[in-house]
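Visitor: I would like to learn how to read a few local features of a model. Please take them one at a time.

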Amino acid sequence: MKLKPTRWWSRSSSVSFATMSEEIATTAAAATTATAAATTNKKSIWPCVLRWIPTSTDHIIAAEKRLLSIVKTPYTVEQVNIGSGPPGSKVRWFRSESNEPRFINTVTFDSKEGSPTLVMVHGYAASQGFFFRNFDALASHFKVIAIDQLGWGGSSRPDFTCKSTEETENWFIDSFEEWRKAKNLNNFILLGHSFGGYIAAKYALKHPEHIEQLILVGPAGFTPESDYNSEFATRFKASWKGAILNHLWESNFTPQKIIRGLGPWGPGLVRKYTSARFGSYSEGTGLKEEESRLLTDYVYHTLAAKASGELCLKYIFSFGAFARQPLVQRAPEFKVPMSFIYGVQDWMNYKGAQEARKNMNVPCEIIRVPEGGHFVFIDNPAGFHSAVIYACRRFLSPDPDSESLPEGLTTA
């Protein structure tokens, strides 16, 4: 019997910058029609239908519960206490002045005794529920634990007051480490998607002793040097549109601000986005009507809630999603085996991983999954599961060297 819980932006690499620029331009245009509004996680005396932003903490919790109702594997949900800041530090999470403890929303799925532990970390503007199509399949091989990073989803959302790339990175890395300690985890497989892949890689550089395998799914931060200096990127940045969008980026303008600004029209915008993105960006298994409805509801409430983790964007990346501290440059420092997984239609450029691999001193493989974009685990879940299981074959197979690449997958 399932234990009930107590408690969301992809084309080929050659047009990745163009795709992102188009999406940002659309976002900026929509922003001109938005009205600024504040949001809070605290309960309101007004009924939800009368609020400008129809959401609350209770709505996030309820939306997560409804989305995870699709999952058949029994699971538990807990709020893991990570304290008020790194031990021995005078700086609280996000430099918050509050001494109140913070929590990481954690979902753990039942597994066979002795199964290897797989920790899953979501990307930017997302949360752990994005992996809802993967939990059942992966839980049959691993002890799956998925988290909402601090400042996202159902986790605590402290005020964001970081002022540098180093502060921001350490805030995510240190909060994850406090979570690991609280869960008493060692020797686990760490999987991160997109921005979550960036954080997972940074964590592995700082704490390699805890990780047996690092799996990066369409990770940010590995953009090849050629993309940084591409002719298109240079020309676009020099245009008036590029100047405006760069200003918005450096002003920490986020897509979530549009959702909040639109108030009661926000859910409709999210619905149009999710229908378009997950209905036409890939040729894999499309979302069922119920899956689409529940995901849209979940995405809206997690995006419209209090701004916190989202404000990391300008400190981690420059305009165009180029990492301010590229992971490619730190390739020789990795000390754990690595596997990269990309959807064939992913706008994240897998060639950056190829560049990094040339300078690595650890085993590294790059797997590409057909019929999938940046959210390959939603676009083509079966292909994604095959890629993860193959990447972890030394933990799952008695003779890993004899395992061949699953049909349909390719290596780079």
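Visitor: In which loop is N184 found?

Guide: This is a predicted model. In it, N184 lies in the loop between α4 and β5 (188-193), and α4 is the element that N184 follows.

Visitor: How should I read the phi of N184?

Guide: Most residues other than glycine have a negative phi. N184 has a positive phi, near 55 degrees, and is not a glycine.

Visitor: Is N184 buried or exposed?

Guide: N184 counts as exposed because its relative accessibility is 64%, and the cut-off for exposed is over 50%.

Visitor: Which loop holds S194, and what is its phi?

Guide: S194 sits in the loop between β5 and α5. Its phi is positive, near 55 degrees, again in a residue other than glycine. S194 has a relative accessible area of 10%, so it is buried.

Visitor: What describes the packing of two helices?

Guide: Two packed helices are described by the angle between their axes and by the distance between those axes. Here α4 and helix α5 (residues 195-206) pack at about 70 degrees, and their axes are 10 Å apart. The two helices are therefore roughly perpendicular to each other. On the α4 side the contact is made by E169, N170, F172, I173, D174, F176, E177 and R180; on the α5 side it is made by F195, Y198, I199, K202, Y203 and K206. Sorted by class, the contact has 7 nonpolar, 1 polar and 6 charged residues.

Visitor: How does the span of each helix compare with the span expected at 1.5 Å a residue?

Guide: Helix α4 (residues 165-183) has 19 residues and reaches 27 Å from first C-alpha to last, close to the expected 27 Å.

Visitor: How many residues of α5 are buried?

Guide: Of the 12 residues of α5, 11 are buried, so the helix is mostly covered. Among them are F195, Y198, I199, K202 and Y203, residues that also take part in the contact with α4. For the chain, 57% of the 412 residues count as buried.

Visitor: Where is C162 found, and is it buried or exposed?

Guide: C162 is in the loop between β4 (143-147) and α4. With a relative accessible area of 3%, C162 is buried. Its C-alpha atom is separated by 8.6 Å from that of Y315, although C162 and Y315 are 153 residues apart along the chain.

Note on methods: Residues numbered from 1 in each chain as written. Predicted model: local features only at pLDDT ≥ 70, side-chain atom pairs only at ≥ 80, totals over all residues. Heavy atoms only, no water. Helix = DSSP H or I, 4+ residues; strand = E, 2+ residues; numbered from the N terminus. Expected span 1.5 Å × (residues − 1). Buried < 20%, exposed > 50% of the residue type's maximum accessible area, 1.4 Å probe, protein only. Axes fitted to C-alpha atoms, helices over the stretch in contact; angles between N-to-C directions. Parallel < 35°, antiparallel > 145°, perpendicular 65-115°, else oblique. Contact = heavy atoms within 4.5 Å. Nonpolar A, V, L, I, M, F, W, Y, C, P; charged D, E, K, R; others polar.
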